[in-house]
Amino acid sequence: MQPSTKQTLIKATYDLIWEQGIEGITIRKISSRLSLSSAALYRHFDNLSELLTYACIKFLEPCIEDYKLIELNTDNPLDISLRMWSTLAKRSFYTPQIFSALFLSPYRAKLPEIIQDYYCIFAQDVFNVEETLHYMQILAHIFFQNRAYLQLCPPLSSEKSIDTLSDLTFYTYSGMLAILAQKEYPVAEVEEMLEKFDACLMHIYNTEL
């Protein structure tokens, strides 16, 4: 089966990100690689930002194995949430521009829907797509619908605690991600940011429990 134009655009963008980094990706570069007009892109995506959001979804897939490992050690949703945000930081702080296309994107609120659409588009190319989509939906629940996920946590009885924990977790993560995305930091400074993030996360969770 021939890939659809939408699939081809997403894959070409993903490949360009791997080869050149996300910072220099333009509609012209994508169109040129595929010998398509810019109009073809706009028939499938609102703009470059939406296409980049689709193209960066695959970078979340390694978090599936992190989740499976964490789930083997605890079934407490609060503990899972805490560990997953910490793991996400370790994966994303070294490539902040890529993860900014997901977490700082104007399409962040739509990411659960975009993830669903992405795995429909690539259903023939992903091994065990049903299982992958299942776990990606769990990750979407934790990272992009955090408030709803935290409602599963028995210790958080008040709506205010849930709101506060959800907001502070995301604001802390996205704030640090935005800082790291501004320029290339030495590895030692990134590691220091990771330590600070974990410390902030522990303080937030301990305060709200």
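Contact means heavy atoms within 4.5 Å. This is a predicted model: local features need pLDDT of at least 70, side-chain atom pairs count only at pLDDT 80 or more, and totals for chains, interfaces and linings use all residues. Residues are numbered from 1 along each chain as its sequence is written, and side-chain values use heavy atoms, with hydrogens and water left out.

**Exercise 1.** Find the residues in contact with phenylalanine 93, leaving aside neighbours within four places in sequence.

*Solution.*
- Set aside the neighbours within four places in sequence.
- These contacts remain: Tyr173, Met176, Leu177, Leu180, Val190, Met193, Leu194 and Phe197.

**Exercise 2.** Sort residues of helix H2 into buried and exposed.

*Solution.*
- Buried means under 20% relative accessible area, exposed over 50%, and partly exposed in between (1.4 Å probe, protein chains only).
- Helices (H or I, at least four residues) are DSSP runs, numbered from the N terminus.
- H2 spans residues 27-34, and its buried residues are Ile27, Ile30 and Ser31.
- They lie on the same side of H2 because they cover an arc of only 95° around the axis. The arc is that of the directions from the helix axis to the C-beta atoms.
- Arg28 and Ser32 are exposed on the other side.
- The buried residues of H2 pack against helices H1 (5-20), H3 (38-44) and H4 (48-56).
- Just after H2, serine 35 has a positive phi of about 55°.

**Exercise 3.** Describe the surroundings of isoleucine 114.

*Solution.*
- Locate isoleucine 114 in helix H8 (residues 111-121).
- Its relative accessible area is 3%, so isoleucine 114 is buried.
- Not counting residues up to four places away in sequence, isoleucine 114 touches Thr53, Tyr54, Ile57 and Tyr107.
- Isoleucine 114 and tyrosine 54 are 60 residues apart in sequence, yet 6.9 Å apart in space, C-alpha to C-alpha.

How values were computed. Helices (H or I, at least four residues) and strands (E, at least two) are DSSP runs, numbered from the N terminus.
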